[in-house]
Amino acid sequence: MNSLKAKKDTIDLSRRSFLIGTVHASVMMAFAPAIFSSALSAQEALSDKMFSPTIWFEMDAQGNVMINIAKAEMGQHIGTALARILADELACDWDKVTIRHVDTDPKWGYMVTGGSWSIFHSYKPLSQAGAAGRLALIDAGAKLLGVSAEQCDARDGKVFHGDQSVSYGDIVTRGELNRVFTAEEIAELPIKPSNKRHLIGKPSRALDIPSKTDGSAVYGIDVEVEGMVYARPILPPTRYGSTVERVDDSAARDIKGYLGYEVLKDPSKTCEGWVTVIADNFPSAIKAANAIKVDYKAGETATVSEADLQKEGERLVRDRTQGLLFVDEGDVTRAQADSGKTIEALYTTATASHFQLEPLNALSEFRDGKWHVHTGNQWQSLTLPTIAKAAGVSEDDVIMHQYYLGGGFGRRLYGDWIVPSLLTAKAIDKPVKLIFTREDDTLFDQSRSASTSLFHASFDDNGNFTGLEHAFAAGWPTLTMAPGFMADSVDKKGKIDMFSASGADHWYSMANHRARAINNELAQKTFTPGWLRAVGQGWIVWGLESFIDEIAVELGKDPAEFRLALLDGAGKQAGKAPESVGGAKRLHNTLAQLKAKVADIKLEADEGIGFSVSAGQERTMPAWIATAAHVHVNRQSGKITVKKLWAVVDAGIVIHPDGALAQIEGSLLWGTSLALFEHNAYQDGRVSKTNLHSYLPLRMNDLPEMDIEFIESDEFPVGLGEPGVIGVAPAIGNAVYQAVGIRLRELPMLANHVLNTLAVG
């Protein structure tokens, strides 16, 4: 058995068997490395937990199905969507399905929730798991009915043969399930056609809604353990390089409940210059942290400002020796040399913060020889090694217990906030629940970096568009937090953060196209750039889709018609199976439908409708979306009012319509907020807006009307968490141009930008 355990830890999980067996009066179903199919029976492997599944589920004697979810729930109802994929193929009774979010035991495989990947990555294996389970249950049910399996089918948690049936619960109780599907058999399993599905694409309530509405849902911030104390951090003046020189807690000693402080020594280098304040209740920890005085030697970025970041960004994009090639097609240099005319535009975005509803928090305790961390995290497999390094133990000695997240939006992908909790617990030998106040949370936020994009379009002597050059600079999240995910540049001169470049590889057909990605090293040194919802696409496409409009105007063409002409699906834009079948033609279709929807809108004075197209966070997982915004511009105040947003969406198979609609609604509003309101600013090395009285997101009275249409499709499903954000800002900016004839190139588009640009004319 020991040798098998060793092989389990090194097996290639890309080839997996599927095990179905009766264990302890229930049926368990799990993926496993293929090697076990020949070494153990399904029952033996399942009984001994000799499997390394990404997903597994079990069925009890009443036919109840419990599905384990290895994805983080942060408001997107992902457990419901994943469960419906499996339950549909399993042909079980949805009323008997429950879900459970799991901890970081290695048996669950690699754990990450972000990038709108969950549905895209899980659809095929979950469908296969459900189909395998259904076939095994039919086999066992047929034996109980005394007929052949070929004469039976399954639906609603029963196996049928004519008028006879046997429930899944009876099969679990009376039947014999002990079957292994090989990787080859799994690959050939038939997945239900759309007309046979009873759950996918059908309306339903999310499974997590009742507990979230009756208050029984447990978020990370709710967790308590016996003997714990509370902690609050005192943050250093710079994200990196600060050291603590002196701590004076004399003013805190009379605060009831105050227990002391710790200057953290962090082997992982995550928390440099941190002090944590400890108390027997959190209000006292807040008061004590405010009373304690800490003298620091600040890091080298202590004077960096937002203007410094923007100035450096512009310097970088204007220097053609900087950066790495992300796209290089045709000959942009020759197109520019041969051009009769070129146009140039510089687009920028300000620093943006996450402001997730639940502030960062973690509870750490050392129990039974292991560190137990209680929190809500999006990327457990990335975070676990850092925590272990901070604790000075192996990864096997750390268990992260997952809870609901009160919002993530990318901030909880890298769990750096866990480190000070664990280090404090280790220092005082007690369980420590560390909670950030809203201000602490914001100061420690992984901001969306300020960004700069420079565009050049060239035209021949006949006025035809001949090429696009695009240079873009920002801080790169992946460079700091997950450098192993960096990709080779096209020119093979270095590594690129793909999350900070996607979108520049658009779906328009262009004879000559060059995109240069540049890391803003000043931003990188000043803070930890974050994966904020839609990541690079959120600022890259803002500039790109605005500039596409500028090109259309230069050509004297209708912007929507110009886009449609470029979305011809030729060459590489044809897409590929399974993720982008149809390619740019599907994006063309969404825009054509959207254009028709708004064709008869009557516009008042100073109103306009602008368009944009986008394809989700990554080219390898496109969600085709055309967005239109109807705006009014007040020439006296500069206020932009978004009256209505339209989105036509082709996301392939829509698994959970209610969840998909909620994702698009939420992302359109987030995009509106980033377009018109949200902006932070670095001042003296830290963000200057630390709470919601100064950092102003979209308010209820500014909500636009929304019209969202999903195109029916049987193509491979993709995620929808990020895609709706992307096209809103350029659609609004383009609508402003249609309304009052000014081109705004700074994000957010503030009233003073409107007034200043109107004044220039």
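A polar contact is a pair of N or O atoms within 3.5 Å; within protein, one must be able to donate a hydrogen and the other to accept it. Keep that in mind for Ser-451, whose side chain is joined to that of Thr-349 by a polar contact of 2.5 Å. One thing to know before going on: what you're looking at is a predicted model.

**The overall layout**

The protein splits into domain 1 (40–207), domain 2 (220–300 + 360–435) and domain 3 (306–352 + 448–759). Take the centres of domain 1 and domain 2 over C-alpha atoms, and they sit 39 Å apart. Still, these two domains do meet: 13 residues of domain 1 are in contact with 18 residues of domain 2.

**A pocket between domains**

Now for the second largest pocket, which holds about 860 Å³ of space. Where does the second largest pocket lie? Domain 1 and domain 3 both give residues to its lining, so the pocket lies between them. That lining is made of 33 residues, and Trp-117, His-121, Glu-579, Glu-618 and Thr-620 are the ones nearest the centre. By type, the lining has 14 nonpolar, 8 polar and 11 charged residues.

**Two serines to look at**

Let's zoom in on Ser-451 and Ser-509. Ser-451 is part of strand E21 (residues 451–459), while Ser-509 belongs to the loop between strand E24 (495–496) and strand E25 (513–519).

Is Ser-451 buried or exposed? Ser-451 counts as buried because its relative accessibility is 1%, and the cut-off for buried is under 20%. Ser-509, with a relative accessible area of 21%, is partly exposed.

| Serine | Partner side chain | Distance |
|---|---|---|
| Ser-451 | Thr-349 | 2.5 Å |
| Ser-509 | Asp-568 | 2.4 Å |

Which residues surround Ser-451, leaving aside neighbours within four places in sequence? Ser-451 is in contact with Gln-310, Tyr-347, Thr-348, Thr-349, Ala-473, Ala-474 and Trp-539. So Thr-349, the polar partner, turns up in that list because contact means heavy atoms within 4.5 Å.

Ser-509 has its own set: not counting residues up to four places away in sequence, Ser-509 touches Leu-566, Asp-568, Ala-570 and Gln-573. There's also Gly-569, 60 residues from Ser-509 in sequence and 7.4 Å away in space, C-alpha to C-alpha.

Key
Residues numbered from 1 in each chain as written. Predicted model: local features only at pLDDT ≥ 70, side-chain atom pairs only at ≥ 80, totals over all residues. Heavy atoms only, no water. Helix = DSSP H or I, 4+ residues; strand = E, 2+ residues; numbered from the N terminus. Buried < 20%, exposed > 50% of the residue type's maximum accessible area, 1.4 Å probe, protein only. 1 Å grid on protein atoms, 1.4 Å probe; cavity = no way out; pocket = protein on both sides within 12 Å on 5 of 7 lines; lining within 4 Å. Points joined across faces, edges and corners; volume = space filled by probe spheres on them. Nonpolar A, V, L, I, M, F, W, Y, C, P; charged D, E, K, R; others polar. Domains from an automatic or database assignment.
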